[in-house]
Amino acid sequence: MGLFSKIADRIFGRKDAPAPTSKPAAPAKPAAVIFTGSENDPKVSPPSHNPTPAATAPAQPAEPVDVEAVLTALAAEKGGASDWRRSIVDLLKLLDLDSNLEARKELAAELDVNAGAHGSAEQNLALHKAVMRKLAENGGKVPDDLKD
């Protein structure tokens, strides 16, 4: 699991799901239908003679997770002394993730961030914005000023 996945899991509240161990079985061939002569037989009569029940409404898509609200609440729980809005290091620390240079290099490679030297302010700012954009792409509601 990449570092971004860990970030998303902490913010979106997902739990690690075990990987499936086998492929799903191929669907079985439908049974042969033998017409017995009744035009009202639902297996062989035209659809107009056998209306299908009304389909249920599709499930509502999950509401986007308000990333700013989640992180603000988490910062408040931990004492509020966090600059997670601008600092990738503070964001990672807030989420109880490793924030050292190696972890940030890994995250930069994962998100294809190539701004400035590793550990530079330029790269850290670009990395923070890339994380926020990626959270938005994955179902998070992120204010524009955190993505741009």
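Trainee: What does the side chain of R104 reach?

Mentor: A polar contact is a pair of N or O atoms within 3.5 Å, where within protein one atom must be able to donate a hydrogen and the other to accept it, and where residues adjacent in sequence count only if both atoms are side-chain atoms. In this case, the side chain of R104 reaches the backbone oxygen of S99 at 2.9 Å. Keep in mind that this is a predicted model, in which local features need pLDDT of at least 70 and side-chain atom pairs count only at pLDDT 80 or more, while totals for chains, interfaces and linings use all residues. Residues are numbered from 1 along each chain as its sequence is written, and side-chain values use heavy atoms, with hydrogens and water left out.

Trainee: Where is R104 placed, and which side chain of opposite charge is nearest?

Mentor: Helices (H or I, at least four residues) and strands (E, at least two) are DSSP runs, numbered from the N terminus, and R104 lies in helix 4. Buried means under 20% relative accessible area, exposed means over 50%, and partly exposed is in between, with a 1.4 Å probe and protein chains only. A salt bridge is a side-chain nitrogen of Lys or Arg within 4 Å of a carboxyl oxygen of Asp or Glu; for charge, Lys and Arg count as positive and Asp and Glu as negative, whereas His and the chain ends are not counted. R104 is buried yet has no salt bridge, and the nearest side chain of opposite charge, D98, is 7.9 Å away.

Trainee: Is H128 buried or exposed, and what is it in contact with?

Mentor: H128 counts as buried because its relative accessibility is 2%, and its place is in helix 5, which spans residues 121-137. Contact means heavy atoms within 4.5 Å; leaving aside neighbours within four places in sequence, H128 is in contact with W84, R85, R86, S87, I88, L91 and L146. The side chain of H128 also reaches the backbone oxygen of R85 at 3.5 Å.

Trainee: Is D96 buried or exposed, and which residues does D96 touch?

Mentor: D96 counts as exposed because its relative accessibility is 56%, and this residue is found in the loop between helix 3 (88-94) and helix 4 (101-110). Not counting residues up to four places away in sequence, D96 touches R10 and K78, and a polar contact of 2.8 Å joins the side chains of D96 and K78. D96 and R10 are 86 residues apart in sequence, yet 8.8 Å apart in space, C-alpha to C-alpha.

Trainee: How many residues has the largest nonpolar core?

Mentor: In soluble globular proteins, nonpolar side chains tend to be buried together. A nonpolar core is a set of buried Ala, Val, Leu, Ile, Met, Phe, Trp, Tyr and Cys residues joined through side-chain atoms within 4.5 Å. The largest one here has 28 residues, and those with the most contacts inside it are I7, L71, L107, V131, M132 and L135. Helix 1 gives the most to this core, with six residues.

Trainee: Which residues of helix 2 are buried?

Mentor: The buried residues of helix 2 are V67, L71 and A75. They cover an arc of only 60° around the axis, which puts them on the same side of helix 2; the arc is that of the directions from the helix axis to the C-beta atoms. The face turned away from the buried side of helix 2 carries the exposed residues A76 and E77.
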